[in-house]
2 protein chains.
Amino acid sequence: MYRFKNCNQSIFIMDIKAEILSKLTECGVKPSPQRMAILQFLVMHPVHPTVEFIYNSLSPKMPTLSKTTVYNTLKLLSEHRAIQTLVIDEKNIRYDATTMVHAHFHCKNCGKVLDLHVKGLNGLKVKNHHVKVTDCQIYYKGLCEDCNNLEME
Amino acid sequence: MYRFKNCNQSIFIMDIKAEILSKLTECGVKPSPQRMAILQFLVMHPVHPTVEFIYNSLSPKMPTLSKTTVYNTLKLLSEHRAIQTLVIDEKNIRYDATTMVHAHFHCKNCGKVLDLHVKGLNGLKVKNHHVKVTDCQIYYKGLCEDCNNLEME
DNA sequence: GTACAAAATTATAACTATTCTTTATATCTA
DNA sequence: TAGATATAAAGAATAGTTATAATTTTGTAC
């Protein structure tokens, strides 16, 4: 864990950096400053960001970062199962540092993607034994709380 | 139903056309030749086709059909819940005439999208009551039987 | 420490699915 | 038939993503 009640900034940074580093090596990805930064960003911003969002957020502090690197790195991390690629929003691919199966919600109005608490996920069983399953996604669409309230008015 | 053991072609055609027409009016979509053709194509080709595939399949017999019309029609049908829009394959949106919730499988190698028999779908329960859910998708990814066999060799 | 090879990153160009805009066509009603 | 409205078509534009080629960084042998 990288959050402590009475931590100072440097300990905080040391800890998450160590966690990111071990996650990378664990997944067989050779670390680099870009890979560290992108994975750390995903871990610390669990909002299922788009490439655009990640790039815009990181480039001020990493001015040489290129969008291609963000794309390549996310693909690499996803192939090594360090992160999850979410195909939900037809406009943009989204990314999630949480790799365990959990449901998502996509707001058709504002485009946000949220984690969604859904019961019964563990009860799902694929009955076709000819296909080789590697990934699973459960998602819902509709209106998020904010957009639904707006619509009511 | 539009399939009979001993049907002749004309009865077959009459029946599916009637079914398509009633589906459209049921869903509040004003019929047109293009809308009929596109919905009928989806019903008769349950392969979760892309816009490209639908367009290429229909345009020989409907030479004036345009891709824009295919896009517009599929969006219209989807909004009226006459069909389902599948966001699974990050390359292309796919469409399905079956509107009830059922799981899909996307082959990462060949790109095919298949229906998948999954137990426990009815046991899923969204626990967040602040969002307004209108759609649900469950999908799996991996290798289909053919691609998996190829890989074994 | 230097030189070379391999890997990673960057910048740019290309591609392609989708949407937008405008124009044309068909349908409906008076 | 005329006018209004809805629908469809054609082509241009947009934007997310990928491919290419050049540059930089890293690792390793000497």
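Two residues are in contact here if their C-beta atoms, placed from the backbone, lie within 7 Å. The model is predicted: local features need pLDDT of at least 70 and side-chain atom pairs count only at pLDDT 80 or more, whereas totals for chains, interfaces and linings use all residues. Residues are numbered from 1 along each chain as its sequence is written, while chains are lettered from A and ligands numbered from 1 in the order in which they are written.

Chain A contains 5 helices and 7 strands, arranged along the sequence as α-α-α-α-β-β-β-β-β-β-β-α. These elements are DSSP runs numbered from the N terminus, with helices (H or I) of at least four residues and strands (E) of at least two. Along the principal axes, the C-alpha atoms of chain A fill a box of roughly 50 × 45 × 35 Å. Of its 153 residues, 26% count as buried; a residue is buried if 20 or more other C-beta atoms lie within 10 Å of its own, exposed if 12 or fewer, and partly exposed in between, with C-beta atoms placed from the backbone.

## Helix packing in chain A

Two packed helices are described by the angle between their axes and the distance between the axes. Helix 2 (residues 33–44) of chain A and helix 3 of chain A have axes that come within 11 Å and cross at roughly 115 degrees, which makes helix 2 of chain A roughly perpendicular to helix 3 of chain A. The crossing of helix 2 of chain A with helix 3 of chain A is right-handed. Helix 2 of chain A contributes A:Ala37, A:Ile38 and A:Phe41 to the contact, and helix 3 of chain A contributes A:Ile54, A:Ser57 and A:Leu58. By class, this contact of helix 2 with helix 3 of chain A has 5 nonpolar, 1 polar and no charged residues. Ala, Val, Leu, Ile, Met, Phe, Trp, Tyr, Cys and Pro count as nonpolar, Asp, Glu, Lys and Arg as charged, and the others, Gly among them, as polar.

Helix 3 of chain A also packs with helix 4 of chain A, at an angle of about 125 degrees and with the axes 10 Å apart. The two helices are therefore oblique to each other, and helix 3 of chain A passes helix 4 of chain A in a right-handed crossing. Here A:Val51, A:Ile54 and A:Tyr55 of helix 3 meet A:Lys67, A:Val70, A:Tyr71 and A:Leu74 of helix 4, a contact with 6 nonpolar, no polar and 1 charged residue.

For these descriptions, axes are lines fitted to C-alpha atoms, for helices over the stretch in contact, and angles run from 0 to 180 degrees between N-to-C directions. Angles under 35 degrees count as roughly parallel, over 145 as roughly antiparallel, 65 to 115 as roughly perpendicular and the rest as oblique. A crossing is left-handed if the near helix is turned anticlockwise from the far one by less than a right angle, and right-handed if clockwise.

## Contact between chains A and B

The contact takes 33 residues from chain A and 33 residues from chain B. On the side of chain A that touches chain B, two or more residues come from each of strand 5 (118–119), strand 6 (125–126), strand 7 and helix 5 (145–152) of chain A. Strand 7 of chain A gives the largest share, 12 residues. This side of chain A divides into 16 nonpolar, 9 polar and 8 charged residues.

## Two buried residues

A:Lys141 lies in strand 7 (residues 132–143) of chain A. A:Lys141 is buried because 20 other C-beta atoms lie within 10 Å. Not counting residues up to four places away in sequence, A:Lys141 touches A:His106, A:Lys108, B:Thr134 and B:Asp135.

B:Ile20 belongs to helix 1 (residues 9–26) of chain B and counts as buried, with 24 C-beta neighbours inside 10 Å. Apart from neighbours within four places in sequence, B:Ile20 is in contact with B:Met36, B:Leu39, B:Gln40 and B:Val43. B:Ile20 and B:Met36 are 16 residues apart along the chain, and their C-alpha atoms are separated by 6.5 Å.

## Surfaces near the DNA strands

DNA strand C is surrounded by 20 residues, of which A:Ser32, A:Gln34, A:Ser66, A:Thr69 and B:Ile93 are the closest. A residue is near a molecule or strand if its C-beta atom, placed from the backbone, lies within 6 Å of it. Helix 2 and helix 4 of chain A, with helix 3 (51–58) and helix 4 of chain B, each supply at least two residues of the surface near DNA strand C; helix 4 of chain A gives the largest share, 4 residues. This surface has 4 nonpolar, 11 polar and 5 charged residues.

Around DNA strand D there are 19 residues, and A:Ile93, B:Lys30, B:Ser32, B:Ser66 and B:Thr69 come nearest. At least two residues of the surface near DNA strand D come from each of helix 3 (51–58) and helix 4 (67–79) of chain A and helix 2 (33–44) and helix 4 (67–79) of chain B. The surface near DNA strand D has 4 nonpolar, 10 polar and 5 charged residues.
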